[in-house]
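Could you walk me through this structure, one question at a time? I would like to see how each answer is reached.

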Amino acid sequence: MSKDEKINCKDNTCSIGQNFYTCPMNPEIHQEYPGTCPKCGMALEPVSVETTEENDELHDMSLRFWISAIVSLPVFIVAMIGDFAPHYLPLSMRSIQWFEFLFATPVVLWGGYPFFVRGWKSVVTWNLNMFTLIAIGVGTAWIYSMVALLFPSIFPPLMQTDSGMVHVYFEAAAMITSLVLLGQVLELKARSKTNSAIKTLLGLAPKQAHLVDKDGNERDVSLEHVEVGDFLRIKPGEKIPVDGVVTQGQSNIDESMITGEPLLVTKTVEDSLIGATVNKNGTLIMRASRVGNDTMLSQIVQMVARAQRSRAPIQKLADTVSGYFVPAVVLSAVLAFAGWWFFGPQPHLAYAIVAAVSVLIIACPCALGLATPISIMIGTGRAALEGILIKDAQTIEMMEKVTTLVVDKTGTLTQGKPTVTTFKALGGIDTKEALRYAASLERSSEHPLAEAVVNKAKEENVSLSEVHSFNATTGKGVEGEIDDKKIALGSENFFQSLGISTKEIINDVYQLRQEGNTVIFLAVDSTLAGIIGIEDPIKETSAEAIEALKLEGIDVVMISGDNDITAHAVAKKLNIMKVYANVLPQEKAEIIKLLQADGAIVAMAGDGINDAPALVQADVGIAMGTGADVAIESAGITLIKGNLLGILKIRKLSRATMKNIRQNLFFAFVYNSMGVPIAAGVLYPFFGLLLSPVIAAAAMSFSSVSVIMNALRLKDMKY
C-alpha cells in the first residue's frame, strides 16, 4: 500500500486490521503509518491503546520546548532591557539585534519546525487550521525582523532610529514559538489523561498464566501464548487470566471490575469465568474459551476506544464554524494590518505587523476543535469504569434527550432466571411422565422459560427423551413427537390456535397469574395434560431504578409477551402505569414506532434475541450485559451489570457530558470572539492598549489547556 492510499474504514473499524492511526479531532482520518492530520495538523494517534506511558509526540515537543525556552529567555531579557534601560547593556543596539537574531533563529526554525511543516501542508491541501495561523504569525514576525536587521535603509525614515536602525521582533517570534510549544506540551499531557480509563482497563489483565498440561504439570506462560482449550490453574488472590469455564474446584470471585457489583460470586464446576476478575480464596482449574482480542475485557476496551473516536452531532457546529474561522481570521489580520497602516500612529508598519501577528496567534481555533472530542473521550471512559459501555458519541448526546424508557420484562426488570413454582398434571397422566414430555420438548427451545422446565426435570431426576418433528412458533409455543405422541407446550393463545380448550382450569391459571407467574400449558395428543407456573423474580434494584428514572422526568413503559394479568401484576409491584402485554417479538419495534410518532424520544432496554429489532428502532438501545450477544450488538449502550440503575447513571453522565461540551464551546466561541478585536487593537483609541504578540501566544496556548482541564472534571463527577 502506498502512503497516499487510505485504509478502507467504516464506523471506526478497518478492514486491514487494527494497526492504523487516526486523529482524535477528526476520527474519519485513518492511515497505516504515523503522521499528522491533514485537516487539523495534530499528530495522529494509534487506534490500539497500550498501557505504556510513552508518547513520541510529547517527548519531541517537550525537547523542543525546553531547548527553545532556555534559548529564548536571554533573547527576551536582552530585548526588554534594550527597550526600557539600554544604558545597563554593555552592547550597542546593533550588537543587541544581532544577538537576538542568532539566538531566536534556531528557536523559530528548529523549535517551530513542526508548526511550519503543518502550516504549509494545511495551505497545500487547503485545510486551513491553527498551524496555518501560527506559521503565518511567527514567520511574519521573524522575516520582518530579519529584513529590518539586514536592510534597515529600505524602511521609511520615520521607522528608523537616529542610528539608522529599525525595531525588530526577534524576541516576539522566539517567545511565541516557546509559548506555543508549552501549550502543545500541556495539551498533550492533558490529552494523555483522557484515555486513562482504557489504560486502567488494560492494566487489569495479568501478564502470565499457570498452564496445566495433560499430565498435570504446571508452567508459567505469557498471556499471549494461551490458546482456546488450554487448562489453567488460578491460585487464591490471583486474577483470572482469560475467559473460560471452571473444570475443577470452587472459589469466590470478585467480578466488580466488570459488573461494578462488590459482592463476591461463588464459582464451581461448569460456571463461567471472566478474565481479569479476582479469585479470592479457593484454587481453580479452568478451560480457556476466549483469549486475546476475544475476551470480554478486550471487547470492552475496543468498544470504549471506538466510542471515544466517534463524533457527537453537536460537533457539526464546531466543524462548521472552524471551516469558516481560519479564512476569517486571516482576513481580520489583513484588515488589522491595513487599518494600522492607513490610520494608525507612526511608525505605521511596526504597529500594523504587531496587530496582524497578534490576531493570527490569539485566534488559533484549537480550543474550539478540542471542545467536543475531549469531553466525549472522558465521558465514555468514565462510563466504562462504571460497567457501562457506550457504542458512540451520538448515544451520549441522545440519552440526555430521552423522554420515554421502554423496558422488556423478562431479564430486564426480572432476573432472567425463571424457576418452576407449580407443575400440575391433568387428565390422569403421571406427573413425572408429564414433566418428561415438557422438558424433552423444551430442551430444543431457546426461550428463557424453557430452561426453567428443563432444570425442574433435573431436580426431579427425570430422564429426557428424543423429540421428533420439532417445531417452534416464535413467541407462542413448541410442538413435537415423543413416543409417537404429539406433544404441545405453550401459551393460552397458542393452544387456542391449536383448538385445545383450557377453560377447565381457568381458576388455577388466574390465581397463578395474580401471583405474577407465567403460565404455560402442556397437551398430549391434543388433550390438555398439565399446567406449569413459572416465576421470574424481580431484580432487587428494579423498583429503585424505576422511581429514580421517573424523578428524572422519564416515562417508563413495560412491554411483555406475557398475558395481561401477569404483566400487570409485575408492573403493579414496580409502580409502572403503562403496560403492553401479549406482545410478540416482531411487535415490539412497532410499539416503539407508535411512541416515537407521538413525539417521544425513546430508549429501549432489553436482553433477548427477540429484543434486537426494538433496540435498533429505539432512539437509544440499551442492552443488559447478561443477555444475548445479538441484543448487545444492536444496542448503543450495554449495561454489563444488567442493572437498571445503570440507565440512571448514563442519564446523569449524558447530562454532565453535554453540559461540559456546551461550556467548552461557549468558552472557545467567547474567547475567539473577544480575542480577535482586542488583538486587532480595538482598545488602543480608548486606553492606549495594544496586545503584544507574546501575550496573545500565551492566551492562545492556555485556552486549549483550560478546555481540556474543564473536560477532565468529568472524571470526578458524582452519580
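This is a predicted model: local features need pLDDT of at least 70, side-chain atom pairs count only at pLDDT 80 or more; totals for chains, interfaces and linings use all residues.

Residues are numbered from 1 along each chain as its sequence is written, and side-chain values use heavy atoms, with hydrogens and water left out.

Reader: How many helices and strands does the protein chain have?
Author: Helices (H or I, at least four residues) and strands (E, at least two) are DSSP runs, numbered from the N terminus. Counted that way, the protein chain has 25 helices and 27 strands.

Reader: What percentage of the residues in the protein chain is buried?
Author: Buried means under 20% relative accessible area, with exposed over 50% and partly exposed in between (1.4 Å probe, protein chains only). Of the 719 residues in the protein chain, the buried share is 52%.

Reader: Is H3 oblique or roughly antiparallel to H4?
Author: Axes are lines fitted to C-alpha atoms, for helices over the stretch in contact, and angles run from 0 to 180 degrees between N-to-C directions. Those of H3 (residues 113–124) and H4 (residues 130–150) come within 8 Å and cross at roughly 120 degrees. Angles under 35 degrees count as roughly parallel, over 145 as roughly antiparallel, 65 to 115 as roughly perpendicular and the rest as oblique. H3 is therefore, relative to H4, oblique.

Reader: And how does H10 lie relative to H23?
Author: The axes of H10 (residues 348–362) and H23 (residues 645–680) come within 8 Å and cross at roughly 170 degrees. That angle is why H10, relative to H23, is roughly antiparallel.

Reader: How many residues of the contact of H10 with H23 are nonpolar?
Author: Contact means heavy atoms within 4.5 Å. Ala, Val, Leu, Ile, Met, Phe, Trp, Tyr, Cys and Pro count as nonpolar, Asp, Glu, Lys and Arg as charged, and the others, Gly among them, as polar. On the H10 side are Ala-355, Ser-358, Val-359 and Ile-362, and H23 brings residues including Tyr-671 and Asn-672. No charged residue takes part, 3 are polar, and the nonpolar ones number 7.

Reader: How many residues of H10 are buried?
Author: H10 is largely enclosed by the rest of the structure, because its buried residues number 13 of the 15.

Reader: Which residues does Ala-205 touch?
Author: Ala-205 sits in the loop between helix H6 (196–202) and strand E6 (208–212). Leaving out residues up to four places away in sequence, Ala-205 touches Leu-223, Ala-276 and Leu-297.
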